[in-house]
Amino acid sequence: MATTTSQTSVYVYGVTWADGTIARRGSGVAGADVGAVEQGELAAIVSPVPDRFVRARRRDLMSHMDVLADVFASRTVLPLRFGSVFPGPEAVAGELLGTRYEELVELLHRFDGLAELRVRGAYREEELLAEIVAEEPRIAAMRGVDALRIQLGEAVAGAVARRRERDLRMLAETLGPLVKDMALEDLRTEFELIRASYLVDEQDIGKFDRRMDELARREQGRITFTYAGPLPPHSFVALAGG
Amino acid sequence: MAVATHGTASNYLQRAPSPSSLADVVDLILDKGLVIDAYVRVSVIGIELITIDARIVIASVDTYLRFAEAVNRLDLTQTEAAGLKELREGGGGDGEEKKKAKGFFEGAKEAFSGNGKR
């Protein structure tokens, strides 16, 4: 199919309530101006992208997140996954907002006043291992014995797993009462404790902050926490049937 | 950059309004959000791969050997000294500590940033 450089498609960031106020200059994916395609009560947050736009760059990923965060600062927004491109505004109005109208309205109501908070916790490697050696004489005795390397490693892995279980329970008890929903992600290194997203009522964010702060202060000798949010509910939105 | 906001001015909790590293942003927006299958077509080759590469199998002989090596390498007197120093200074998180804590998985992290530039 022949394409010319003048043809454009429509990149979609997310869906929010229509009120005609969404506009940002030059800050969207591929540097484009951000606007809206409206259909009834709904608005898709969009920007034009060249038809040949196929390769995302780091700054495009940041733009996607930033545009959504900006809209989220003043209203409920349902994020789309990065990289959603429609052939034109009509397709956005029809295939996205039209076909899914009732479902999107329902989702916007459901996520009204809710925010995603992302928490990562990782053990401080040397501090955790020192704690294990100090608390578990069997492991301390195997240290430095070359023939027992695998047994030692297995015992340490078990000791780390037990501490992770205990610490996850402590986290659940501390944060659980403030959480509407939770999404856990796979751990990627042996010394990670948790990668979680929590769905929290905006009114409870202050409380969540304080509990997180107390927790991190208490555990600072052994666990490092990072915490991001409030964010739009990226990890919790889904349409029926994909 | 992680900045303390909402009254969380501490050096033991990194707090930011939104994820700051490329890997964290990728986690947030590439795997998550509403999907309208027929129309997703922006290529993110090279970015998707790193999230899979970095995933590790927790229970393996390889892992056991790395754990054993880390425990055997552990200098307990040094760790205790570092702990005391921290207590005196009222908190961890200084540059040197962070560098030390990185040791074990430097390889995985380098693979991350290396691919991220593509």
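The model is predicted, so to speak, throughout: local features need pLDDT of at least 70 and side-chain atom pairs count only at pLDDT 80 or more, while totals for chains, interfaces and linings use all residues. Residues are numbered from 1 along each chain as its sequence is written, and chains are lettered from A and ligands numbered from 1 in the order in which they are written.

Chain A splits into domain 1 (8-110) and domain 2 (114-231), with bounds that come from an automatic or database domain assignment. Taken over C-alpha atoms, the centres of these two domains of chain A are 36 Å apart.

The largest nonpolar core holds 43 residues. Such a core is a set of buried Ala, Val, Leu, Ile, Met, Phe, Trp, Tyr and Cys residues joined through C-beta atoms within 7 Å; buried means 20 or more other C-beta atoms within 10 Å of a residue's own, exposed means 12 or fewer, and partly exposed is in between, with C-beta atoms placed from the backbone. Val12(A), Ala44(A), Ile45(A), Val46(A) and Val92(A) touch the most other members. Beyond its neighbours within four places in sequence, Val46(A) is in contact (C-beta atoms, placed from the backbone, within 7 Å) with residues including Val10(A), Val12(A), Val37(A) and Val92(A). Another core, of 38 residues, lies apart from it and has Leu117(A), Val119(A), Leu171(A) and Val200(A) among its members.

Val92(A) turns up again in helix α2 (residues 89-98) of chain A, where Leu96(A) and Leu97(A) are buried too. Helices (H or I, at least four residues) and strands (E, at least two) are DSSP runs, numbered from the N terminus. Seen down the axis of α2(A), the buried residues fall within an arc of 80°, so they line one face of the helix; the arc is that of the directions from the helix axis to the C-beta atoms. Those residues pack against β1 (8-17), β2 (35-39), β3, β5 (85-86) and α3 (101-110) of chain A.

Two loop residues of chain A are worth a look. Ala30(A) sits between β1 and β2 and has a positive phi of about 60° although it is not a glycine. Ala30(A) counts as partly exposed, because it has 16 C-beta neighbours inside 10 Å. Ala56(A), in the loop between β3 (42-50) and α1 (58-72), has 21 such neighbours and so counts as buried.

Strands β6 (residues 114-123) and β9 (residues 223-231) of chain A pair in the antiparallel sense over seven bridges, and Phe225(A) in β9(A) is the bridge partner of Gly121(A).

Terms used. Two residues are in contact if their C-beta atoms, placed from the backbone, lie within 7 Å. Two strands pair if DSSP finds at least two bridges between them.
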